[in-house]
Amino acid sequence: MFFDKVNYRLLFKQTCSLCQLQTAQINGLCEDCHADLPWLLLGCPVCGLPRSFPDQTCSHCQQAIPRFDRCEAPLEYRFPINSLLPGIKYHGRIQALGWLAELLSHHLQDRCETWPDLLLPVPMHPIDEALRGFNQAELLANLLSQKLQIRCDSGQLRKAHRRVKQMTLSASARRNNLKGAFSIRGELPQSVALIDDIMTTGATADEIAGLLKNQGVSHVQVWVLARTPEPDLD
Ligand SMILES: [Zn+2]
Ligand SMILES: [Zn+2]
């Protein structure tokens with residue numbers, strides 16, 4: 001009989017989440033799509049900004065050291081990531097977070113030197129979250145929490161004030177716009193990782209890290225999927 005000869009594993013093999021053609025081999029992608037991702041190979045040791053040489057601190061961090069200690073980002077915010085991440089946020093294509101979280105957790109297992117005691121997703125204002133229906137940073141943080149077995153709390157860090165959208169502002173205006181926008185509830189451990197989908201200028205991470213350090217947190221990492229290349233916002 002025909003069905004006796006069918007290899008059922010072939011029928012149910014997972015296809016690549018990007019090309020939808022080849023079999024998924026690594027992090028939900030085929031080998032070709034995985035290799036073609038815009039990997040961030042050399043980044044500033046503090047903020048992760050893509051650099052040309054290893055361990056080259058960027059000019060932004062030399063001028064004003066950020067209040068967070070380190071940013072980990074496996075990818076640069078270039079194609080196809082610069083169409084995937086807006087697709088998650090603005091078109092609800094949240095299934096892509098599955099393989100992206102897998103990719104980020106593998107990156108962290110290779111690169112992370114100090115494991116945090118708590119994951120805090122960068123919050124949205126409740127009105128913005130209600131309008132979108134979800135906070136992609138919280139979904140990502142929950143997936144990482146399961147994979148890495150680190151506690152995640154999406155209620156401790158809150159966005160108390162709704163501000164002008166950051167994307168329309170210059171870097172210095174972003175920093176001013178964020179002052180006092182976030183608040184913290186409850187006790188925090190010594191070491192925390194902030195989770196977001198993308199880091200652009202780092203103004204949000206810097207503002208929250210300052211708040212966390214004022215509350216006694218000694219080590220703040222930022223874990224994101226993608227880091228934008230040199231900001232042209234100054
Ligand atoms: Zn593929
Ligand atoms: Zn830097």
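Reply: Let us start with a term: a salt bridge is a side-chain nitrogen of Lys or Arg within 4 Å of a carboxyl oxygen of Asp or Glu. Please keep in mind that this is a predicted model.

Me: Which residue forms a salt bridge with Lys213?

Reply: The closest N and O atoms of the pair are 2.8 Å apart, and the cut-off for a salt bridge is 4 Å. Lys213 lies in helix α9 and its partner in the loop between α3 and β1, so the pair ties together parts that are 144 residues apart in sequence. Lys213 counts as partly exposed at 29% relative accessibility, and the partner of Lys213 in this salt bridge is Asp69.

Me: Is Asp206, which forms a salt bridge with Arg67, buried or exposed?

Reply: In this salt bridge the closest N and O atoms of Arg67 and Asp206 are 3.1 Å apart. Arg67 sits in the loop between α3 (59–63) and β1, whereas Asp206 belongs to helix α9, so parts that are 139 residues apart in sequence are tied together. Arg67 is partly exposed, with a relative accessible area of 39%. For Asp206 the relative accessible area is 14%, and because buried means under 20%, Asp206 is buried.

Me: How many residues apart are Glu102 and Lys147?

Reply: Glu102 and Lys147 form a salt bridge in which the closest N and O atoms are 2.6 Å apart. The pair links distant parts of the chain, with Glu102 in helix α5 (residues 96–111) and Lys147 in helix α7 (residues 136–148), and the separation is 45 residues.

Me: What geometry does the site of the zinc ion (ligand 1) have?

Reply: The protein donors of the zinc ion (ligand 1) are the SG atoms of Cys16, Cys19, Cys30 and Cys33, which lie 2.3 to 2.4 Å from the ion. Along the sequence these donor residues are spaced C-x2-C-x10-C-x2-C. The angles among the four donor atoms run from 103 to 115°, and four donors count as tetrahedral if all angles lie between 85 and 135 degrees. The site of the zinc ion (ligand 1) is therefore tetrahedral.

Me: Which spacing do the donors of the zinc ion (ligand 2) follow along the chain?

Reply: Here the zinc ion (ligand 2) is coordinated at 2.3 to 2.4 Å by the SG atoms of Cys44, Cys47, Cys58 and Cys61. With angles of 104 to 117° among its four donor atoms, this site is tetrahedral. Both Cys58 and Cys61 are buried, and along the chain the donors of the zinc ion (ligand 2) follow the spacing C-x2-C-x10-C-x2-C.

Me: In β8, which residue is the bridge partner of Arg70?

Reply: Strand β1 (residues 70–72) pairs with β8 in the parallel sense over three bridges. Strand β2 (residues 75–76) also pairs with β8 in the parallel sense, over two bridges, and there Leu75 stands opposite Ala226. For Arg70, the bridge partner in β8 is Gln221.

Notes
Residues are numbered from 1 along each chain as its sequence is written. Chains are lettered from A and ligands numbered from 1 in the order in which they are written. This is a predicted model: local features need pLDDT of at least 70, side-chain atom pairs count only at pLDDT 80 or more; totals for chains, interfaces and linings use all residues. Side-chain values use heavy atoms; hydrogens and water are left out. Two strands pair if DSSP finds at least two bridges between them. Helices (H or I, at least four residues) and strands (E, at least two) are DSSP runs, numbered from the N terminus. Donors are N, O and S atoms within 2.8 Å of the metal (3.2 Å for Na, K and Ca); water is not among the atoms, so sites may look incomplete. Four donors count as tetrahedral if all angles lie between 85 and 135 degrees; four count as square planar and six as octahedral if opposite donors are over 155 degrees apart and all others between 65 and 115; anything else is irregular. Buried means under 20% relative accessible area, exposed over 50%, partly exposed in between (1.4 Å probe, protein chains only).
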